[in-house]
Amino acid sequence: MSASNENNENTASGASGTPAFTHDASNAPGKVISLGEVAVNLIMGVNTIPQPGGFSYAENAGTGIGGSFSTLQASARMGVRTEHAGIIGNGPWAAMIRKAFDDEGIVHTGQDRLDEDSGLRVLLSDGGPRKTLIAKFGAEAHGTFDSFDEISPESNDVLHISGNTLTNRTASAVFAFMRREDEHWSDYGGFDENGNPRGHRYTIVINPSGAVIGHVNEQLIETLVLDRPIWTCNKREARAVALRLGIPITDPEPVMVNGSTEATMPELIEGLGEVLKAPVIIRTGAGGAWLWEPDYAGSSEGSITHLPGYATKATHTQSAGGCHTGVLCAMLARGADLEEAVEVANAASSIAVSRSDTITGEPSCPTLLEAKLLIAQQMELARE
């Protein structure tokens with residue numbers, strides 16, 4: 001995987017052709033802490049997905065760091081101190097992860113397991129919209145209830161929780177962490193007349209995975225919902241969350257004459273917002289993102305805003321959702337309001353998909369300066 005360091009002000013070309021950066025997080029009031037799992041990806045572009053006992057030819061192959069790494073990387077590239085509070089193992093895969101963290105300025109503050117390596121995931125792509133995934137879980141997925149006991153977010157921090165941490169053994173650590181933090185709700189503003197928490201002194205951002213949300217423990221789902229985090233997901237994930245929570249939505253999703261599915265977005269995001277009673281962001285790729293914000297903390301009434309995307313020529317074959325989530329978290333840690341954070345995340349994601357790795361197809365998140373320049377250029381064009 002290409003090594004890169006980053007600065008939110010200056011960009012230079014590294015020896016490998018990958019942008020090299022250094023970053024300064026001193027001007028961000030908060031930091032980003034992620035409980036997400038990180039593993040090594042082996043990505044292979046095959047002519048066809050083989051049947052059992054069959055054979056396929058891989059035209060290209062490459063390794064990268066997967067799981068929540070793209071979120072961590074994007075956050076660090078916004079010039080915000082970024083900490084990985086998940087678990088890293090001991091072995092060749094873990095060594096690759098630690099090297100990538102060092103290159104990006106990501107600080108590992110979580111547990112280190114000496115008894116096993118971190119996980120490996122094989123991704124097979126035949127050029128279609130979906131990938132075939134084979135996962136070998138490692139240390140990242142084998143946490144215990146006390147794995148996050150040393151994690152203590154402070155005021156202005158942003159805590160990131162990923163769906164990939166909610167369905168294996170490490171989910172017990174997430175549950176224990178959230179319940180421990182719930183004991184301090186009185187320190188953060190107490191409860192309202194309905195018994196709901198007024199909010200933590202720090203911000204929680206969760207990006208669920210549509211593939212696994214149906215398998216998350218009921219108590220853990222309830223705890224997450226009651227904590228009123230910011231929910232950010234793509235359309236598929238949003239529909240999966242709605243189905244899990246019993247929210248009535250139009251199903252199957254209708255497709256307009258022009259191929260668009262945007263007509264049902266207000267129904268989907270409003271339905272989620274009314275039940276979750278917390279901010280909801282739904283990413284729609286080139287279409288930008290939809291945002292639902294409650295009128296006040298814990299309210300089932302709120303407003304919908306559509307934040308357009310930025311036109312770009314995409315070269316990626318992997319999702320830019322991690323980039324969007326990481327930039328969102330970083331901007332919130334910088335003190336931006338939610339709408340501004342989503343706007344910058346939209347811009348950064350559009351740049352990311354235009355400069356993907358030629359082998360792995362992974363989008364490369366830009367710097368904060370690059371994202372802001374794109375926003376300024378679009379505003380200038382709108383005035384003309």
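Modeller: We begin with burial: a residue is buried under 20% relative accessible area, exposed over 50%, and partly exposed in between, with a 1.4 Å probe and protein chains only. The model is predicted, so local features need pLDDT of at least 70 and side-chain atom pairs count only at pLDDT 80 or more, whereas totals for chains, interfaces and linings use all residues. Residues are numbered from 1 along each chain as its sequence is written, and side-chain values use heavy atoms, with hydrogens and water left out.

Colleague: Is Thr 325 buried or exposed?

Modeller: Thr 325 has a relative accessible area of 0% and is therefore buried. Across the protein chain, 52% of the 384 residues count as buried.

Colleague: Where is Thr 325 found, and which residues does Thr 325 touch?

Modeller: Helices (H or I, at least four residues) and strands (E, at least two) are DSSP runs, numbered from the N terminus. Thr 325 belongs to helix α8, residues 321-333. A contact means heavy atoms within 4.5 Å. Leaving aside residues up to four places away in sequence, Thr 325 touches Thr 71, His 160, Val 205, Asn 207, Thr 232 and Arg 283.

Colleague: How many helices and strands are there in the protein chain, and in what order do the strands of the open sheet stand?

Modeller: The protein chain has 10 helices and 15 strands. Strands of a sheet pair through backbone hydrogen bonds, either parallel or antiparallel. Two strands are taken to pair if DSSP finds at least two bridges between them. Here 9 strands form an open sheet with mixed pairing, in the order β7-β6-β3-β10-β11-β12-β13-β14-β15. β7 (107-108) and β15 (302-307) each have a single partner strand, so they stand at the edges and one side of each is without a neighbour in the sheet.

Colleague: Which helix packs on the sheet, touching β12 and β13?

Modeller: That is helix α6 (residues 235-244), whose direction makes about 120 degrees with that of β12. Axes are lines fitted to C-alpha atoms, for helices over the stretch in contact, and angles run from 0 to 180 degrees between N-to-C directions. Helix α1 (residues 69-77) lies across β3 (32-34), β6 (82-84) and β10 (158-162), and runs at about 160 degrees to β6.

Colleague: In what sense does β13 pair with strand β12, and in what sense with strand β14?

Modeller: With β12 (residues 230-234), β13 pairs in the parallel sense over 4 bridges, and Arg 283 of β13 is the bridge partner of Asn 234. With β14 (residues 289-294), the pairing of β13 is antiparallel, also over 4 bridges, and Ala 289 of β14 is the bridge partner of Arg 283. The hairpin of β13 and β14 has 5 residues between the strands, and there Gly 285 takes a positive phi near 65 degrees.

Colleague: Why is β12 described as largely enclosed by the rest of the structure?

Modeller: The description applies because 4 of the 5 residues of β12 are buried. Strand β11 (residues 203-207) pairs with β12 in the parallel sense over 2 bridges, and Ile 206 stands opposite Trp 231 in β12.

Colleague: At what angle do the axes of helices α9 and α10 cross?

Modeller: The axes of α9 (residues 338-352) and α10 (residues 368-383) come within 9 Å and cross at roughly 100 degrees. That makes α9 roughly perpendicular to α10. By convention, angles under 35 degrees count as roughly parallel, over 145 as roughly antiparallel, 65 to 115 as roughly perpendicular and the rest as oblique.

Colleague: How many disulfides does a search of the whole structure find?

Modeller: A disulfide is a pair of cysteine sulfur atoms within 2.5 Å, and the search finds 0. Cys 233 counts as buried at 3% relative accessibility, and Cys 329 is buried at 0%.
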